[in-house]
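Dear colleague,

Here is the structure I promised to pass on to you.

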Amino acid sequence: MKHLVSPSRPILAASIHLMKARLLLRVGAVATAIGSLLQYSSQAVVLQNAAATATQGGFTTSMAIDGITTGDAGWAIAFGYPNWVALAQTAVFETATDISYPGGSRLEFTLHQNYGHGFTIGCFRLSVTTDDRSLFADGSSNGGDVTANWTVLSPFSYVSSAGATMTKLGDDSILAGPPPTGADIYTVMADSFLVGITGVRLEVLEHPNLPDEGPGHGLAGNFVLTEITLDAAPIPEPGAFALIAGLGLVALCVWRRVRT
Ligand SMILES: [Ca+2]
Ligand SMILES: [Ca+2]
């Protein structure tokens, strides 16, 4: 009589381990592939044609978008030497290309303030528009055309590199505390569901908590904005993250079973 040959227990166990290991590798590969597909890289958005309601002589708005983040140059707003006065002002910029993510845009603004001596912005607010570029931002540093259909952004993240306190106020402006050091970099993130963003607005605002009521922390409420930059990316989809998390959980379960 012919005897069936059954594999020994060690060989069977090794075979099962091999199958589980292959399954784990496949799950891991799928998770990695989906993860890489969902790796949204932000795009630097060129800003152009700066215009402002007022610009201090020698500190033009265009200096805030010239690509230079070092040195003393930038946008400042004080007038009336020797009795300097700085009031609320507005600067606007066109985006060189439309920001058009169908599911919304995650916008990251960086406000470099390198002048030192505490000349940082104390209160400010950011907005975006989809108006035609011919309707705003005429390149004028004084009395510039800053009028458009602006939508105020409601930031969800606002950070001072120097450690200044940053507080979001009821009108979606950000109130920055005294600069712990002379210079600072603010990073502000907000989502917008407008498609085809053509421009951004920076309002610098007065506030009773600021020296001389602001808008800045410097002499007479002045500041120097060395550079403003903008990066844009699609808003990450919660469903996609849930999918990755689910696959990660499956991989973890398989991994634990393989080990036992
Ligand atoms: Ca600059
Ligand atoms: Ca324009």
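Before the strands are described, one term is needed: two strands are said to pair if DSSP finds at least two bridges between them. Please also keep in mind that this is a predicted model. The mean pLDDT of the protein chain is 87, with 76% of its residues reaching 70 or more, whereas over residues 1-7 the pLDDT stays under 50, and the model has one contact beyond four places in sequence for that stretch.

With that term in hand, consider β9, which is joined by four bridges to strand β12 (residues 184-192), the two running antiparallel; within this pairing, Val159 stands opposite Thr187 in β12. Strand β12 also pairs with strand β6 (residues 105-113), in the antiparallel sense and over nine bridges, and here Arg106 faces Asp191 of β12. On to the next pairing: β6 and strand β14 (residues 227-234) are antiparallel and share eight bridges, with Leu230 in β14 as the bridge partner of Phe109.

Put together, these strands belong to an open sheet of five, in the order β1-β14-β6-β12-β9, with antiparallel pairing. Because β1 (43-45) and β9 (157-160) each have a single partner strand, they stand at the edges, and one side of each is left without a neighbour in the sheet. On average, neighbouring strands of this sheet are turned by 20 degrees against each other, direction ignored.

The next topic is the interior. In soluble globular proteins, nonpolar side chains tend to be buried together. In this model the largest nonpolar core has 51 residues, and those with the most contacts inside it are Trp75, Leu225 and Ile228. Among the strands that each supply at least two residues of this core are β6, β12 and β14, and also β2 (47-52) and β5 (89-99). If neighbours within four places in sequence are left aside, Ile228 is in contact with Leu47, Ala64, Ile65, Phe109, Leu111 and Leu202.

Apart from neighbours within four places in sequence, the contacts of His112 are Thr69, Ile185, Thr226 and Glu227. The C-alpha atoms of His112 and Ala64 are separated by 8.7 Å, although the two residues are 48 residues apart along the chain.

With best wishes

Notes:
Residues numbered from 1 in each chain as written. Chains lettered and ligands numbered in written order. Predicted model: local features only at pLDDT ≥ 70, side-chain atom pairs only at ≥ 80, totals over all residues. Axes fitted to C-alpha atoms, helices over the stretch in contact; angles between N-to-C directions. Core = buried A, V, L, I, M, F, W, Y, C linked by C-beta atoms within 7 Å. Buried ≥ 20, exposed ≤ 12 C-beta atoms within 10 Å, placed from the backbone. Contact = placed C-beta atoms within 7 Å. pLDDT = per-residue confidence, 0-100.
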